[in-house]
Every structure is written in C-alpha cells, then in structure tokens.
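Here is a short briefing to read alongside the structure. Keep the 3D view open and find each residue as you meet it.

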Amino acid sequence: MSDTERRVVVKNPDALGPLVELLDELLALTHTAGRTDLAQRLQISRARVADPRVRLVVLGDSRNGKSTLVNSLVGARVSATDSTVSVPVIVEHGPLPTATLVRTAVGGQVERQPVDPGKVLTELDGSTVVRAEFSQPSPLLAEGFVLLDAPGSPTENPATWSLLAAADAVLYVADARSPFSNAQIETLQRIQQVCPTVICVLNKIDQYPQWPHVQQRDRQLLDEAGLAFAVAPASARLHEAALTTGDRQQDLESGVPQLLDHLRGHVLGQADTVAAEAAVRDIQLITDHLALALRTEAETLRDPRRYMVITEQLRRTREEAEQLRARTSNWQVALADGSGELMADTEHDLRHRLRSLIRDAEADIMKKDPAKGWADFGADLDAKICEAVEENFVIAHYRSVELAEQVAAKFPDSGVPTPELRLANPGDVGEVLEPVASLDSLISAETRVTDQALTTVRGSYGGILMVGLATSAAGMSLVNWYSGAAGILLGVHALWEDRRSRKQRRQAEAKVAVARLMDDVIFQVSKESRFRLRAVQRDLRDHFTEIANHTLRSVDASLRAAEEAAVVHSGQGREQRLTEIERTLVRIRELRERADTYGENRSY
C-alpha cells in the first residue's frame with residue numbers, strides 16, 4: 001500500500017495506529033473465545049476509528065471570499081466565485097478529478113449526471129441542480145477531509161443547516177474589513193449548538209491593512225459571547241498567487257499554510273479523539289466480558305469445592321441480566337417514557353414555531369394588499385418554514401442524544417456506552433416538504449377593468465339620479481352641474497369601497513391560504529418527525545438490548561466454563577488449562593491497561 005493510500009484509510013496513522021492494533025488483537029481473542037457478538041461490536045468500532053471522513057463545512061456571508069478560499073484549500077476550482085447560482089458543493093479525495101451534478105428530475109426523483117470537472121461551474125442551474133460533487137487528488141482531502149461548501153450563511157440560506165447538522169467541523173469565513181456584527185455573533189452562537197468545533201477565518205487580509213485590530217476585536221466579541229473559537233487570518237488570493245510564483249514567503253504571509261496546519265492538528269485531532277474515546281470504552285467493556293468467563297473457570301479449577309458458590313453467584317448475575325432484557329426493566333421504562341415525551345415535545349416545538357410564522361404572516365398580510373408581491377411573499381414564507389423545520393429536527397436530534405444518556409444511566413454498570421446517533425439526512429427538508437403543495441394563488445386578486453367601470457357607473461348613476469331629482473324641483477334639468485358633481489363623487493366612492501372590499505376579501509383569502517399551507521406542513525413534517533424519532537427509539541432499544549445480551553451471554557459462558565472446569569479437567573490437564581487461562585487473562589489485562597493508558601494520554 002502506498003503512503004497516499006494509507007493516509008486515506010486512517011485519519012491519523014501515527015496517532016490511531018496503536019489503537020487499531022489493540023482492536024485487532026482483541027478481535028482475535030474474541031474469535032478464539034467464540035464470542036461473535038463481541039467481535040461484531042469490535043469490528044464496528046474499528047471501522048469508526050479507521051473512517052477517514054471528517055466533514056468540514058465552509059460557510060460565510062456573500063462576497064467574503066468563501067468560494068475562493070474553498071478553491072484554495074482544495075487546490076482546484078470547484079466552487080463558483082463569479083456565478084449568481086449557488087448550490088452545495090461536496091469535494092472528496094479521489095485519484096482523478098471527477099465531477100457529478102445531482103439534479104431533480106420529473107416526479108421529484110434525483111438523477112446523477114457526470115460532467116467535465118472543468119465545465120461543471122458553467123452548467124449550474126439553480127432550478128434543477130441540488131448539489132455538485134467533486135473528487136480531487138488534493139493533499140488535504142487525502143488526509144481524510146471531506147469539504148462541503150455551503151451556499152451562503154444560514155441566515156441567507158436556511159438549507160445550510162442541513163449541512164451543519166452533518167458537520168464534524170465548521171469554517172466560518174468573514175472578511176477583514178470590520179469586526180463581527182451582532183447578527184454574525186448570533187449566527188455563530190446558533191452554529192455552536194449544532195457543531196461545537198468552529199474556526200473563524202478572517203479572509204482578505206491583503207486588502208485590509210487594519211486586519212490585526214479587527215482580529216483582536218473579533219476575539220473580544222467571541223469571548224464576551226462565550227465562544228472559544230480561533231480566529232485565523234488568511235488571504236486565499238495571496239495563497240493562489242504564491243503557488244503560481246513559488247514564493248514561499250508570500251505563501252506564509254497569506255496565512256493559508258497555518259490554517260491548514262491548524263485543520264490537521266485541531267480538527268483531525270478532535271475527530272480522532274471522539275473515535276478513540278468510543279473505541280477505548282468498547283475495549284474496556286469487551287475485556288470485562290471476556291475476563292468474566294475466564295476468571296470463573298480459573299477459580300473453579302483452583303478450588304473445585306467453590307463450584308457451588310461460584311455458580312450460585314453467576315445465577316444471581318444471570319437473573320439480573322435477564323431482568324435487563326425484560327420490558328419492565330428500568331432502562332426500558334425510561335426509554336419508553338422518554339421517547340413519548342420526546343415526540344410530544346418535538347411536536348409542540350414544531351407547532352409553536354409554525355404558529356409564530358402564521359401570526360407573523362397574518363400581520364404582514366394585514367399591512368397591505370396581499371395581491372401585490374404574493375409570489376415573493378410565498379417564497380419568503382417557504383424559506384422561513386424550511387428554517388423552522390431544520391431547527392426542529394436539530395433540536396430533536398440533540399434531545400435524542402440526551403435520552404440515550406438518560407437510558408445508559410439506568411444500567412448498573414456506570415461505563416455503559418451510548419450509541420452514536422448520527423442522522424443520515426438530518427436536515428434534508430427539501431425532500432420532507434416535497435409533497436407539500438405551494439401557497440395557493442389568490443383568486444380574488446383577478447380584477448377586470450370592466451368590473452371596475454361598471455362599479456363606477458352604478459355609483460355615478462345613483463348620484464346623478466338623486467341630486468338631479470332634487471334639483472329638478474328648482475326648475476333645473478335632471479343632468480346639471482350639481483348632479484354631475486354628485487355622480488362623480490359617488491362614482492369615486494363606489495370604486496374606493498369596491499377596492500377596499502376586494503382588498504379585505506383578498507386578505508381573508510390569503511390568511512386561509514397560509515393556514516392551509518401550514519396544515520399541510522404540520523401533517524407532513526409531523527409524520528416525518530415521528531418516523532425519525534421512532535427510528536431513534538428502535539436504535540436505542542437495539543443498542544441497549546445488545547448490551548444486556550452481551551452480559552447474559554458472558555454469564556452463560558462463565559457458567560459453562562465453571563461446569564466444564566468442575567467436571568472435565570483433572571490432574572495435569574487442569575494445570576495446563578489453568579496456565580493457558582492465566583496467560584490469556586494476562587494478555588487481556590495488558591490490552592485493557594494499554595487502552596486505559598491510551599485514553600489517558602489523549603485526554604491531556
């Protein structure tokens with residue numbers, strides 16, 4: 001295997017290599033012990049440690065040089081810097097440059113269209129292109145990064161939350177012209193709730209000589225907001241120019257090499273730490289299970305007279321493990337109650353957000369005639385609905401993680417691991433809301449000129465007739481200056497009343513259209529939310545049931561080992577078996593100590 005290939009297989013071979021060796025050694029012991037259930041868990045843990053994908057989302061406000069920075073980090077033009085169409089861009093490592101456009105087809109289906117990497121940016125069509133996917137032989141991507149270029153900040157494009165929910169780290173790009181605004185600080189606070197690993201990039205330092213003062217002020221603002229984010233100065237254009245000329249000093253002045261080093265050391269290190277901590281917990285759990293049966297057999301071999309005492313203790317332990325699998329166990333009750341509360345709270349949060357949108361929409365409707373700009377109103381309302389649903393899904397996800405921790409606390413052992421609840425598509429609101437029809441058009445908005453003319457004529461006729469009859473008593477003709485003026489006034493009044501009445505009807509119709517849209521949204525999103533939360537409940541149930549089954553199988557293995565030790569082994573065979581068991585226990589203890597030491601060293 002070449003060096004490049006090896007770097008793709010493992011995030012950080014130097015750091016995680018010893019842990020992979022530990023997992024492989026323990027995996028061999030589990031196969032020897034016949035514990036396929038524990039072997040499966042170890043294989044999952046090993047795959048997580050060796051997973052090279054570290055999802056790095058790059059976002060920022062428009063015209064801050066975000067796309068230029070993305071191209072600079074990747075070393076290829078994958079993000080459009082001068083296009084009015086902006087779609088999510090995903091860049092992974094590959095031996096050759098490739099590009100694929102993901103489009104929406106007829107009937108809501110999604111189709112993938114391979115294109116020339118050099119021409120993909122010219123073929124972007126915001127109406128049909130969902131995202132663009134690239135593979136590039138980039139050194140940064142070869143280390144395990146997957147770069148996701150978000151189309152703007154979350155305030156500009158609510159769909160960006162879907163990328164943030166799946167991120168391992170975030171690069172927030174701002175220019176060095178001025179310090180963070182209050183809106184940017186609020187955005188960063190919301191981003192931290194979704195992804196705690198955030199790096200702020202102060203871009204375009206070559207254009208703004210005051211950038212050191214801006215950087216210092218940004219750090220003060222972040223500290224005041226309780227955000228411990230790094231603020232890295234950079235100039236993507238200066239970095240590209242340095243690569244073209246080969247000027248090493250200019251490249252260092254751009255700040256991009258330092259940013260890359262920080263990504264490798266901080267972001268990859270964080271990803272390694274999370275995977276390593278989970279692997280160490282699995283090693284600790286599995287070594288305990290393997291040692292239980294071996295210690296039981298060894299105790300029986302050393303003193304066969306204690307066979308009854310040992311088996312009685314194991315039977316009591318087995319009863320406790322059986323109780324963990326029962327529906328009436330504490331963790332099962334906590335899971336059922338917590339899942340019910342989670343579904344109810346999620347439903348309430350969704351309805352509260354949408355009711356707030358309804359109130360705001362109705363207030364906007366009553367301010368003016370909704371017929372004017374109804375299409376823009378609908379587009380803005382759709383964006384707000386997407387944002388509300390995104391936030392609802394994110395909150396449900398974090399509440400699910402809290403539920404997993406609460407259920408784990410119900411187990412007798414304090415070291416019970418919790419599952420990794422990573423939603424596959426946590427924020428793909430476009431697909432969730434696809435069955436929802438768009439905002440209805442206003443039928444009453446269609447006003448014909450002939451209708452207005454007839455309304456004016458009817459009002460004028462009444463005015464002319466009434467005033468004309470009154471003035472005819474004075475010897476004046478039916479149509480005179482007075483009756484004509486009255487006809488004009490009443491005609492204008494009738495036209496004004498008709499327009500006011502039509503406006504009120506349109507406002508009432510607009511409110512009904514908004515309410516109907518929200519009903520459809522609640523129906524569709526509630527269904528999807530319940531489906532996701534039930535999936536979380538099943539995952540938690542299966543995870544903790546598996547842990548209970550591991551305990552039960554370990555106890556059963558211990559009972560069988562004690563019975564075999566008491567009946568089968570005798571004399572020299574017993575001594576040989578005891579020596580073999582002690583040798584295996586020493587090896588298991590060494591693996592456990594190495595895992596503990598590895599975990600302690602990474603915590604500093």
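In this predicted model, buried residues account for 46% of the 604 residues in the protein chain. The chain's secondary structure consists of 18 helices and 9 strands. Of the contacts in the protein chain with a separation of 6 or more, 80% are between residues 24 or more positions apart.

**A helix on the inside**

- Helix 4 covers residues 66-74, and it is largely enclosed by the rest of the structure because 9 of its 9 residues are buried.
- You can pick out its buried residues one by one, including Lys66, Ser67, Thr68 and Asn71.
- Leu69, Val70, Leu73 and Val74 are also among the buried residues of helix 4.
- Just after helix 4 comes Gly75, which has a positive phi of about 85°.

**Rings that pair up**

- How many aromatic pairs does a search of the whole structure find? The search gives 2.
- One of them joins Tyr172 and Phe180 in an edge-to-face arrangement, with 6.3 Å from centre to centre and 65° between the planes.
- Tyr172 is buried, with a relative accessible area of 1%, and Phe180 is buried too, at 8% relative accessibility.
- Trp374 and Phe377 make a stacked pair, because their planes lie at 15° and planes under 30 degrees apart count as stacked; their ring centres are 5.2 Å apart.
- Trp374 and Phe377 both belong to helix 14 (residues 374-408), where they are 3 residues apart, or about one helical turn.

**A charge over a ring**

- Another ring to look for is that of Phe393, which has the charged end of Arg532 sitting over it.
- The distance from that charged end to the centre of the Phe393 ring is 4.3 Å.

**Empty space inside**

- Rolling a probe the size of a water molecule over the atoms shows where empty space is left.
- The count here is 2 cavities of 30 Å³ or more.
- The second largest cavity has a volume of about 60 Å³.
- Which residues line the second largest cavity? They are Leu357, Asp360, Ala361, Asp364, Phe377, Asp380, Leu381 and Lys384.
- Helix 13 (330-367) and helix 14 are the elements that each give two or more residues to this lining.
- By type, the lining of the second largest cavity has 4 nonpolar residues, 4 charged residues and no polar ones.
- Phe377 links two topics: it belongs to the stacked pair and it also lines the second largest cavity.

- Thr197 sits in the loop between helix 7 (182-194) and strand 8 (198-203).
- Is Thr197 buried or exposed? Its relative accessibility is 11%, so Thr197 counts as buried.
- Leaving aside neighbours within four places in sequence, Thr197 is in contact with Asp168, Ala169, Val170, His266 and Gln270.
- Lys204 is found in the loop between strand 8 and helix 8 (211-224).
- Although Lys204 is not a glycine, it has a positive phi of about 65°.
- Lys204 is also buried, with a relative accessible area of 17%.

How values were computed. Residues numbered from 1 in each chain as written. Predicted model: local features only at pLDDT ≥ 70, side-chain atom pairs only at ≥ 80, totals over all residues. Heavy atoms only, no water. Phe/Tyr/Trp six-rings, centres within 6.5 Å; stacked < 30°, edge-to-face > 60°. Buried < 20%, exposed > 50% of the residue type's maximum accessible area, 1.4 Å probe, protein only. Helix = DSSP H or I, 4+ residues; strand = E, 2+ residues; numbered from the N terminus. Lys NZ or Arg CZ within 6 Å of the ring centre and 35° of its normal. 1 Å grid on protein atoms, 1.4 Å probe; cavity = no way out; pocket = protein on both sides within 12 Å on 5 of 7 lines; lining within 4 Å. Points joined across faces, edges and corners; volume = space filled by probe spheres on them. Nonpolar A, V, L, I, M, F, W, Y, C, P; charged D, E, K, R; others polar. Contact = heavy atoms within 4.5 Å.
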